[in-house]
Amino acid sequence: MRTELLRRFLTDRWSVVALAFLLAMLLSSLLNGSLTGFEATATSSDTLIGPSPVHWLGSDELGRDSASRLMFGARSSLLVAAGSALAAALVGVPLGVLAGYFGRAVDAIAMRIIDVILAVPTVLVALVFIAALGPSTTNMIIAIASASAPQFARLARAGTLEIRERDFVLAERAMGAGHLTIMVRVVLPNILAPLIVQFVVTAAGAIVVAAGLSFLGLGIPPPEPTWGGMLQQAKAYMYQSPWYGIFPGVVLTLTVIALDRIGASLRRAMGSTQDLGRASASAPGRGAT
Amino acid sequence: MQRIGDQIAEIITLHGGTRSEAQRRAVDLLDMVGVPQPATRARQFPHQFSGGMCQRAMIAMAMANRPQLLIADEPTTAVDVSVQAQLFDLLRTAKQDTGAAVLLITHDMGVVAENADRVCVMYAGRVVESGPVDDVFTQPAHPYTRALLNCVPRLDRDVDGALAAIPGGPPDPMAERRGCAFAPRCPQRQGRELCGSEIPVLLGMPTSPGKPQRTAACHFSTEPPVSMEPDEGAAPSRAGEVPPDDEPLLEVTQLVKRFAIRKGVLSRTVGEVHAVDDISFTIRRGETLGLVGESGCGKSTTSRLLLRLVEPTSGDIRIGSVEVATAGRRSLTAVRQRVQMVFQDPLASLNPRWSVGENAAEPLRLRGDVSRSERMARVHELFERVGLLPAHSGRLPHEFSGGQRQRVAIARALITDPELVLLDEPVSALDVSVQAQVLNLLADLKRERQLSYLFVSHDLSVVRHISDRVAVMYLGKIVEIGPKRTMFTAPRHPYTRALLASVPVPETGRARTGAPLQGEVPSPTDPPTGCRFRTRCPRAEDVCAEVEPPLNDVGGTAVACHFPVLEPWDQTIAGADRTGDTTMPSDANVMTTGGPRHAH
Amino acid sequence: MRAYVIRRLGQFIPVLLLATIIVWAMLFALPGSPAQVLAGEDATPEQIAAIEARYGLDQPVWLQYLTWLGHLFQGDWGTSLVNGHAVAQLIGDRLPATAQLAVLAMALTLVIAVPLGIAVGLHPRSWYGRLTNGFLATGLAAPTFWIGLLLILLLSVKLNWLPAASRFVPFWESPVGALRHTILPALAIALHASTVTARFVASSLSEVMHRDFIRTARAKGASEGTVLRRHALRNALVPTITVVGLQLGSLLGGAVVTEVVFAYPGLGRLLFTAIDGRDFSLIQGSVLVVIAIFIVLNLLVDVLYAFLDPRIRFD
C-alpha cells in the first residue's frame, strides 16, 4: 500500500515541484554564503539597495545581503515548523485517542481543556506563552505546539470515534483483544491519514506564526536572521526600499504554498485508499457484491 | 433539510402547478400512500420519518404528476419484509389508479414473480432473456436464468443437499470480453468454442399467439437444459444431517438487555430501549439455531450479548462451564476462543490495513502461544479449505470480492477451532449467486467439524435452508421456537405466519393478495403491554393486552401466544390468514438482475 | 433544541472559568513574585508592597484567585503600568475600534469568498476554477501582516490613495472617513480569511452535489440553476456559516498583527503594547477579553448552527 501511496503522490506534478523546492531550500540554508558569496551576518556599506548583480535580492539597512539572510533564515523557520508539528502530534494524538476510545468522563474533561485552547487562535496562544516564557527558539516551539496540539487531539478523537464502531474493531474485541492492543494496533494505523495531513498543515501554519512573532519582536532574538524579523525591519524602511519588504514575504509565501500543496496531495492520495475501504460498504443490502 | 410536504409539492410546481395547489395535493398524496395524519406529517422533516414511510413519501412524489412510466430502482432493499409487502401493495394500487407502466429493478426473484407481468434478465450489461413472467420462470431459456432460479434457497420447500450454486463470480465490468459473458460459468457450454468467441444475439423464440414476445441470447437456448453440477469440492450435504448431541453447548436463560436513552440537559435517562427482553434458548453441539426477525427485534443484539461485546442487563449465558455474563477476564478470553463470530459486512469486519492473511491469523496472534510460521501455516490450511488461494494471503481486503472477503471472515472464525460460530447476517450483503456458494461452504464446514451455529438473519428462505431449529423474535421477545420443519409447515404464532406470508416466493401463478401485516413495528422504548404483537394481530382479544403470554409447548414447538394457530400452513396458497382483495394484474414490465448492481 | 442550548450554555461557563484560571495562573509563570510582576520592573519596594496588599497576594493561592475574580466582577481590572489608566477603561476604549474592523473584514470576506467558493466548487477544472484555486492557495499561504505591508506599499506609498497609518474613525461619526481608515487593514484580513472560507464553501458544495437528494431533485425535473439555489446551496451554506462565524473569532486574533502593521488603535495593538512593555495587568485583561469573545462567539455559532439544522431543532 505504501508504494501505491507514493505513486499517487508522484502523479501530482506540482507537489513534486513543491517537495523539490523545500529540499532545495533546506540545502541552501545549510550552506552559509557559498551560493551567494556573502555571509548572512556580514555587513557592508551598500545599504538598502534593490536587486543588483552583486546583491541578488538587495541588501538591508546594515548592508547585509538579503538573499543570504533569507537562506539562513530558512533554518529556524523549518526547524520551528517541524519541531512544533512533531511536538503537537506527540501530545495531541494520544490525548485524542484516549478521549475518543474511553468516552464519557475522560472525553468530557479532555474536550473542555481542548475547547479552551481551540477557542483562541494560534497567534494569541503563542503570544501568551512567549510573553510568559520569553523569546527563544525552544519557547517558540513549545508555544506553537501548545496551540496546535488541540487540533491533533480533535482529529484523533474524531477518527477514533468513527473507527470504534466499525465491525473490525468489534471483531477484535470478540477475539479477545485488550484495550491497549486495540488502540495501538487497530485504531491508530487506521486514523493516520488525516493526522499526517494535519502534520503538514501545522508545519505550514507554524512558519507563519513564527514569522508573525518575529515581526512583533517576540521571536528569535537577533542577530539570528529570521524572515519575520526581516519584515519587521522592512516596515521601518518602507519608504526607502520597498524591495526589503517584498522578498521575505515572497519566500515565506512560497514555502507555505509548497507545504500546503504537499498536504493537499497527501490528503488526496490517502483519501482514495480510504475510500476504497468504504466504497462497497456504503452500498448496503442484498444484491450488492 | 426540507420538509416532506415541500419536497412533494416541489415536483408539482416544477411542472406547472401553483404553490397552494401543490401543497394541498401533497397532503392528499401522503394520505393516498398510507401515511397516517398526513397534514401533520407533511410539515415534518425526513429524519422524523421511518424508512418505510420515507419510501411511501418517495412513491407519493413519483406519482404526483400522474406519470406514464414509473421507474422503481430496488425500492425495498432497505426495508423489512413486512413493509416490503405493504409497499408493493401500494405500488400495485398506484399503478392501477394511474394506469402507469412500471419498470421495476430488483434482484429478488420472489418480488418479480409476484409483481411482474414481463421479465427482462440482465447479465454483464446485456439482456440475456425476456418474456412473460410465467414462461420465463417455468421454462427459462437462458442458462443464467435457470441457474439463478435454482440457486436460491426456497421458503416453500426444503432443498435437499447443497444449493446448486453458480461457480465463479459476477464478471468484472472493466475486463475485456470476447464471446458470451456468462460462458465461464455456464453449465450449458460444455466446452464449446462458440460461446467463447461470439457474443450471442438476442433472438425471438416461439410463443403462443397473443402473448408478449419471448427472447433469449444464447447459442444453445433450444437444447434441453443441462443442470448445474453441485459446488466443486463440496460433497452433497444436508443441513442438519448430523444428529445433535444431547448436551447443550450454549444455554441462555432469561437474558435481558435494556439500553438507556439519555436526553435533556443533564443526560437524564428518560427511557429505555427494550432490545432483548427475557429470552431463553439452548444450542446443542452440532446444531444450527436460526434466529429470525425484522429490524429492531433484538436478534443482532442477542448475538453480541453472547460474546459479551455488549453488557447484559441481567440473565445467564452459559457456554460449557463458563458463565459468560459474569466471567472474569481470563475465562472470558478463553470463551472467546471457543466461540467466534462472523459479521454481516465482510469489508467492514476486516481491518483494511492488514492483509487478509493477517486478518485471518489475528485470533491466533491474540492467543499468543502460536509462532508466526505456525500461524501462517494454519492460515494457508484454512484458506484452502474455504476456497481461497493461499498465495493471495498477502493481499489487502479491498482487492477481493464480497464473497471472497466473507470466506476470509469465515477462515478467521475457524482458525481457533471453535465449537460455536455466531453468524450475524453473513450472506445478506452478498450477491444471490455468491450467497449460495457461501451457504454451501458453511454447511460443509459444520458437518466436517461438528460445529454449532447461531444463524441470525432476516431472510427466511436462507434460514430455512441452513437451520435445524428456528427461533422467531419480535420486539425483544422470542415468540416461537422449534424444529425447522414444524416452523415452516405448521407455524403456530400469528406473527410467524404473517411473516411467512409476506415473503414473496419465486414461483408464478399465485394469487396476489394484500399485505398480511399492516402498520409498523411499535417503538422498542414503549412496547405494548401484554403480548407485544397484539397491536397488529388479527386474533387479539382483551386478555392479550393484560397478560403476557408465556412460551408454551404446542406439538413440539414453543409458542408465546394465547391463541396459537393450529391450522396447517401452505405456502402455495400464500397464506389463508391474509385479508385483502385479489388484484388483477395490469401491464407491468419488470427487469431483474441477479448479477452485480453495476450490470444495469 | 432548548435542551441543546441549555447544555451548550452549561458547557460554556466552565470553559470560561477555566480560561480565567489559566489567565490568572500565567502570573506565576513569569520570573519574580506575582507582586513584582504586577508592579513592573522599575517599581519601588513600597509600590510592590502596596500591590501585595491590594490583591491579597500573601494569602493562599485559591483565595488569591477568588479575590482577583472578585475584583474583575467589580470592574477593577487593574491599572496599566504604562500610562496609569484603568485597564478596564483602556480595553473599553479600544473595543469599538476592533469591532468595526472585524465587521468590515467579515463583510469583505463573505463578498469575496462565496462567489469564489462556488466557482471552484462547481467547476474545479475549468480555467477560472483553476485560476481561482491558485489565487486561493496563495492567499492562504501569505501571512496577513505581509499582505498588509504590501497593501501599504502599493496603496499608500506608491499611489498615496489611502493613509498608511490608520486612526479610529467611528462609523457613526464619518462613514467615509471610517472607510478610508479601516479598509486597508480590513482588506488585509479579509484576503486571508476569504481563502479559508472559499475553500470551505467549495468543498462543502462539491460534497453536497454528489448526494442522493440532488439526484432526486434533478430527476424531478428541476433546472440546474434551481437545483443549485434551492437545494445545494442551502445545504452547503449552513456549515459555511459556522466556519464564517469561527473566522470572526480568528479575525480578532489575526487582527493583533495586522493592527500593529497599520498602527490601528484596536484591542490587538493594545495587547501587543502590553506585552512589549511587560504591563501585566493589561496583558491579563486583554487576553481575558479576547478569550471571552471567542468563547461567546463559539457558543453563538453553535446555537445558530443548531437552529438551522432541522435535525437538531425538531428533536
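**View 1. Pro491(B), a buried loop residue.** Pro491(B) counts as buried, at 0% relative accessibility. The model shown here is predicted. Pro491(B) sits in the loop that runs between helix H18 (484-489) and helix H19 (494-502) of chain B. Leaving out residues up to four places away in sequence, Pro491(B) touches Glu480(B), Thr486(B), Thr496(B), Arg497(B), Leu500(B), Val565(B) and Trp569(B). Ala26(B) is 465 residues away from Pro491(B) in sequence. In space, the C-alpha atoms of Pro491(B) and Ala26(B) are 41 Å apart.

View 2. Asp424(B) belongs to strand E13 of chain B, which covers residues 420-424. Its relative accessible area is 5%. Asp424(B) is buried because this value is under 20%. The side chains of Asp424(B) and Arg304(B) are joined by a polar contact of 2.9 Å. Arg304(B) is also among the residues that Asp424(B) touches beyond four places in sequence.

**View 3. Helix H14(B) against helix H16(B).** H14 spans residues 372-386 of chain B, and H16 spans residues 432-449. Their axes come within 11 Å and cross at roughly 125 degrees. That angle makes H14(B) oblique to H16(B). H14(B) contributes Leu382(B), Arg385(B) and Val386(B) to the contact. From H16(B), Leu441(B), Asp444(B), Leu445(B), Glu448(B) and Arg449(B) meet them. The residues of this contact divide into 4 nonpolar, 4 charged and no polar.

**View 4. Chain B as a whole.** Chain B has 20 helices and 19 strands. It holds 600 residues, of which 58% count as buried. Among contacts between residues at least 6 apart in sequence, 68% join residues at least 24 apart.

**View 5. Confidence along chain B.** The mean pLDDT of chain B is 82. A pLDDT of 70 or more is reached by 90% of its residues. Over residues 232-240 of chain B, the pLDDT is below 50. This stretch has 15 contacts in the model beyond near neighbours in sequence. Residues 574-600 of chain B also stay under 50 in pLDDT. For residues 574-600, the model has 85 contacts beyond four places in sequence.

Methods
Residues are numbered from 1 along each chain as its sequence is written. Chains are lettered from A and ligands numbered from 1 in the order in which they are written. This is a predicted model: local features need pLDDT of at least 70, side-chain atom pairs count only at pLDDT 80 or more; totals for chains, interfaces and linings use all residues. Side-chain values use heavy atoms; hydrogens and water are left out. Helices (H or I, at least four residues) and strands (E, at least two) are DSSP runs, numbered from the N terminus. Buried means under 20% relative accessible area, exposed over 50%, partly exposed in between (1.4 Å probe, protein chains only). A polar contact is a pair of N or O atoms within 3.5 Å; within protein, one must be able to donate a hydrogen and the other to accept it, and residues adjacent in sequence count only if both atoms are side-chain atoms. Contact means heavy atoms within 4.5 Å. Axes are lines fitted to C-alpha atoms, for helices over the stretch in contact, and angles run from 0 to 180 degrees between N-to-C directions. Angles under 35 degrees count as roughly parallel, over 145 as roughly antiparallel, 65 to 115 as roughly perpendicular and the rest as oblique. Ala, Val, Leu, Ile, Met, Phe, Trp, Tyr, Cys and Pro count as nonpolar, Asp, Glu, Lys and Arg as charged, and the others, Gly among them, as polar. pLDDT is the predictor's confidence in each residue, from 0 to 100.
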